[in-house]
Amino acid sequence: MVLSELLAPAGSYDILVVAVNAGADAVYIGGERYGARAFAHNFTSEDMEKAVSYAHLNGASVHVTVNTLFNSNEVLEVLKYVQYLYRIGVDAVIVQDIGLVYLINKFLPDMEVHSSTQMTLRDYNSVLWAYNEGIKRVILPREMSIGEIKSISSRLEEDSIPMDLEVFGHGSLCYCISGDCYMSSFISGRSANRGACAQPCRSMYKLRYHNHSISNGCLISTHDLATYKNVKAISDAGIISLKIEGRLKSADYVATVVNSYRTIIDHINDDSCDDLVKKLEEDLNLIFNRYYTNGYILDDTPGEVMGRKSSFHQGLYLGKIKSIDGEDVVITFDSKDHPVLQKGDGIGFKHNNHIRGIYLDKIVEQTDDFIHIQTTRDIRVGSEVYISYSKELHDRQKQFQKERVEPHIPLSMDITSNKKRSMIVNASFKVNDDIISFGYKSERKFDDAINKPLDEETIVNQMVKSGNTPFIVENVKVTDLPENVFMPIGKINNIRRNVLEIASQKLLEYFIPNPNEAGSLRKNIKKYIKDNKNKNTHIEKTDYMKLNVYVDNLELLTIANRNPIDSIYFDPSYIYNNKKDYFENIENILRQARQIAVDKELVWVISAFTSDEDLEKIKEINNNLQKDNINISIMGDSPSLTLSFPNNKVYGSHNLNIWNEYSVAMLAKNNFKSTTISSELSKEEIRDLVRKSQPYDTELELIVQGNQEIMVSKDNFSNLNEGFDLDIEPEEYVVLEDKENKAKYKIYFDYNQQSHFFNNDMLCLIDEVDELKQMGVKSIAIDGRFTKDTYLSKIISLYIQRLRENNPERKYSESVNNISYSKLNKGNYINERVLEDLNSQRKRKRKRS
């Protein structure tokens, strides 16, 4: 099989032990900072070093998540942290921030980097870009189908590009494409891109269309992913690593899921595999899940992926309460194919969509058809009954909790004696095709034999025992043993233990870089950080600030073109509600756009998450336009855009999520003309980013006006709770209301039926324009998509007036408010995000107390 790695999660050292013992080939963990699960227990430095040793002794590898985004004041400290991980022998780091990739390439080129799924590399050129930037493995988005993955892996093979591909195979799914989401940040100040997601997708919502309520429930909550029935198909698609989600999950969960997938992978080609799958299915159903979907990877539709009725673990359905007589409760089973209940099991009673649970304490009687229990719980006849906790399953997983080292590495020994009659052992073993060899000389000498001399067979019999070590002693040769010598068995055993101890140490040292090299790297990084801190980059005030405008149709483009602005960002993704019509008409629409915007730079904004299939069509259209001397620029959300459009000016959209100057350096290296500053940054972070990015050719732009896009999802709102599919006209929208947070989102659908969520409140930084000039911001943008002609004309005029006038006392936002159809806010510019890591939270608590 191509599939050679089962990758398990661990939120603590104890769970890492469970994951390795249950059969994981690799484990991914997070340190106390910089991971995408800020509220997991996570690993201290001591835990991390123990984890690396335990995994390596058992033939497993350790991947550490450094998969959040970092501002300009943090990123060099993160580099120091990665250097520490490299020094202790961590096998790979999982990275989202392209700026951190840039730094690792510069200072730690031998550190293996895996691109996080949040980097959203989903087309062939983006994978090629990753290879060119030293990335060893791409963790593909969960929205990609197995057919798309197979196409990429085939092209990699044809082009002899040695790139590993990894996919999520089991566990929770993000609603947003690749988890690249701002919803939590905008609602609660807890940024998902900083590991502090508040999981708003699990909340209750109402969906409205033309102000009519059309659905209620957990409308943006997904089922959990499960691919255990299709592991071979995933392997055949060229996937090398199957990843289990769950760094916040329990030891029982990790043990159950890892053991199940390990068993299936090991027997994938056996005739009995289908029977094994059925046997393990009950275990997987009993452990935490929100019901299972095959996922987009196995071509489930959005309606099949979504779990709109509930967002929590209910357990495995058993049946209903038939009767209640005092404390006596009779539950009838709906099927004979159900687990046998026992004392200590947890069951839940569901009534009016609420579940009340108990642990079974007294079972009076149980048959294939019913169970008679006793409980004082306040429950109702007719309630659905679920088993949500299995004591048997819990007890079974205890076998994986104890630390142990399993022999798995063949080791050879050549044994002889020197002239001083010490035992000489020359040992060797292989790791990753590298041979490790060493010699050992015993302090204990051979004695003259008084009775029975020592023979070769006795030595071999003692030396092949490997005990609780990583080694299987397969080949022991004894040569030139002196005649009539003797050594006590206990002393021979001591020699064996010493040899195996040295071998274990050599094994651990194999994964650790040369101390001199590591020390040199550490000094280089330390000096770079010191020099950087001492560097006082002067902020150059902006005299002329560019003004650019986003539009989504030709009418708004015409309005924008009448004004003295610099560029028009034309996003026609919403004009059609299907791919066929879009690609039949888009070339002609772009030709019309170019004729309208004769004296402006025209930028074609391509939709988020563009597939290889769509990219090929887009490139064909672009080539047709260029043949007729119609030149347009391209804006998108992939760092590989210049590979796809080498003859166009290329711009980075807000979904690239640029937080630090090294991300700008990466884009400059890849010839991006401009990129958009992340909407999550505060004023201070923007100031630092702009100041420190001045040496690079890629210009920074800030969106200052408009309803901010907070996420994109593959969901098309099919199969809603009432059983119907949402069908709306192009450029129309639905409104999602969150009662708990009193938030509203307008949802528009592109030609791929992807849903784009826009915050109902409107960002407005018109009063901050002078401040932005002082900060060195050279380019600002108005997002005028989905607005009316009159509004867009007035808002552009107000910004032009603001840029021309030197009247800082005037509150232009009042004029904006008079014409706006949304409440105005300043986003994260003023209302800084809640600091997301636990250490910062503890510091704030101490300050408050």
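User: Which residues in α4 are buried?

Analyst: Bear in mind that this is a predicted model. In α4, the buried ones are I98, G99, L100, V101, L103, I104 and F107.

User: What makes helix α4 mostly covered?

Analyst: Buried means under 20% relative accessible area, and seven of the 10 residues in α4 (98-107) are buried.

User: And what sits at the start of α4?

Analyst: D97 does something there: one of its side-chain oxygens comes to within 2.7 Å of the backbone nitrogen of G99. The cut-off for a polar contact is 3.5 Å, so this pair counts as one.

User: Why is N828 called buried?

Analyst: Its relative accessible area is 6%. The limit is under 20%, so N828 is buried. N828 belongs to helix α25, residues 827-830, and a polar atom of its side chain lies 3.4 Å from the backbone oxygen of S679.

User: How do you know that β13 and β19 pair?

Analyst: Pairing takes at least two bridges, and four join β13 (316-325) to β19 (384-389), so they pair. The two strands run antiparallel. As for K320, its bridge partner in β19 is E384.

User: Why are β16 and β17 the edges of the sheet?

Analyst: The open sheet has seven strands, ordered β16-β15-β19-β13-β14-β18-β17, with antiparallel pairing. β16 (354-359) and β17 (362-366) each have a single partner strand, so one side of each has no neighbour in the sheet. From one strand to the next, the twist averages 35°.

Conventions:
Residues are numbered from 1 along each chain as its sequence is written. This is a predicted model: local features need pLDDT of at least 70, side-chain atom pairs count only at pLDDT 80 or more; totals for chains, interfaces and linings use all residues. Side-chain values use heavy atoms; hydrogens and water are left out. Buried means under 20% relative accessible area, exposed over 50%, partly exposed in between (1.4 Å probe, protein chains only). A polar contact is a pair of N or O atoms within 3.5 Å; within protein, one must be able to donate a hydrogen and the other to accept it, and residues adjacent in sequence count only if both atoms are side-chain atoms. Axes are lines fitted to C-alpha atoms, for helices over the stretch in contact, and angles run from 0 to 180 degrees between N-to-C directions.
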